[in-house]
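Dear colleague,

Please read the notes with the structure open beside them.

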Amino acid sequence: MQQEPTPKSLLVASPRGFCAGVSYAIEIVDLVLDHYGPPVYVRHEIVHNRHVCERLRARGAVFVDDLAEVPTGSLLIYSAHGVSPAVRKAAAERALRVIDATCPLVTKVHLEALRFARQDYQILLIGHRGHVEVEGTLGHAPDRMHLVETAEDVEKLDLPTSERVAVVTQTTLSVDDTRDVIDAIRRRFPTARTPDKDDICYATQNRQTAVKELAAASELVLVIGSPTSSNANRLVEVAKNSGADARLIECADDVDPAWLAGRTSVGLTAGASTPESLVQETIERLRRLGCTQVGDLETARENVTFALPPELRDKKVCEARSC
Ligand code: SF4
């Protein structure tokens, strides 16, 4: 006789999944495809999620890393991660029609970097080398910006202690992620201008706070997100550091029933670029695998939205009236 699986509880984090910046970027690509038709070129993957990009690719979005791949005069959208001024210049030289889907919170960091550069600061950017957002931010003051990933990087900086130093951060790092590096900066440069708490992206902070509580209440935490998503990978690390076993999955099919054996509590969350449909499909799969009690673990409420770029606002009104 086949044994029934042990009943398990499933706690689903709230907030989870799409942040305001990701919703904003995806809405822009959909609106541009609706109103101008394909092809629409997008510099870099609009957000780091395979399912989202495949859906948009099927509608006619073409993701490129190099502007040389974009025919002169075409429509080009910048992804949520933002671009450097050099990319904007290259787009202008190729007479590309640009619509900017950079998350406004990333733009805020770019403007801070420009302001610090004008005020003659050396700028330390806390972030991950090679991340597309970091590349864009570094490009705003290439002569006076220094990337630091760790406290050791701060020690190795070739700058005198008396130097005027200001700090900006990659938006997908939380207060916890940056604490050690900021402490090292304060030790090395006592007068450094460090970021206000406001500079940390609300969505990153909220998702990490939620996953900590999820990890405290669950033996296993599943995080839905693409392997290329910095914030989803970080949620896995935070859950592990908080004492739970944790796995990154891209979709419901990735759940291995063996992970659930002998466990009675499972937690589920999703990175900031993961659509809610993937969360719901995963909940259904987990129900079939014995997670019979499903509940929410709410740690914050979010009501952040960003206004569309001016050139698309009338398109949105038009869509609402079906004209
Ligand atoms: S995680 Fe934060 S900074 Fe990044 S796109 Fe979302 S809202 Fe913007």
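In this predicted model, the centres of domain 1 and domain 3, taken over C-alpha atoms, lie 31 Å apart. Eight residues from domain 1 and eleven residues from domain 3 make up the contact between them. For orientation, the domain assignment places domain 1 at 8-18 + 202-298 and domain 3 at 105-199, while domain 2 spans 20-102.

As for the area involved, domain 1 and domain 3 bury about 690 Å² between them, and 43% of that lies on carbon and sulfur atoms. On the side of domain 1, Thr204, Gln205 and Ser230 account for 54% of the area buried against domain 3, which is more than any other three residues supply.

Turning to the polar side of this interface, six residue pairs are in polar contact between domain 1 and domain 3, counting pairs in which both residues are at pLDDT 80 or more. Two elements, α8 (202-217) and α9 (230-241), each give two or more residues to the side of domain 1 that touches domain 3, and α8 provides the largest share, with five residues. By residue class, that side of domain 1 comprises one nonpolar, five polar and two charged residues.

Two salt bridges are found across the interface of domain 1 and domain 3.

With best wishes

Methods
Residues are numbered from 1 along each chain as its sequence is written. This is a predicted model: local features need pLDDT of at least 70, side-chain atom pairs count only at pLDDT 80 or more; totals for chains, interfaces and linings use all residues. Side-chain values use heavy atoms; hydrogens and water are left out. Domain bounds come from an automatic or database domain assignment. Contact means heavy atoms within 4.5 Å. Buried area is the accessible area (1.4 Å probe) that two parts lose on being put together, summed over both. A salt bridge is a side-chain nitrogen of Lys or Arg within 4 Å of a carboxyl oxygen of Asp or Glu. A polar contact is a pair of N or O atoms within 3.5 Å; within protein, one must be able to donate a hydrogen and the other to accept it, and residues adjacent in sequence count only if both atoms are side-chain atoms. Helices (H or I, at least four residues) and strands (E, at least two) are DSSP runs, numbered from the N terminus. Ala, Val, Leu, Ile, Met, Phe, Trp, Tyr, Cys and Pro count as nonpolar, Asp, Glu, Lys and Arg as charged, and the others, Gly among them, as polar.
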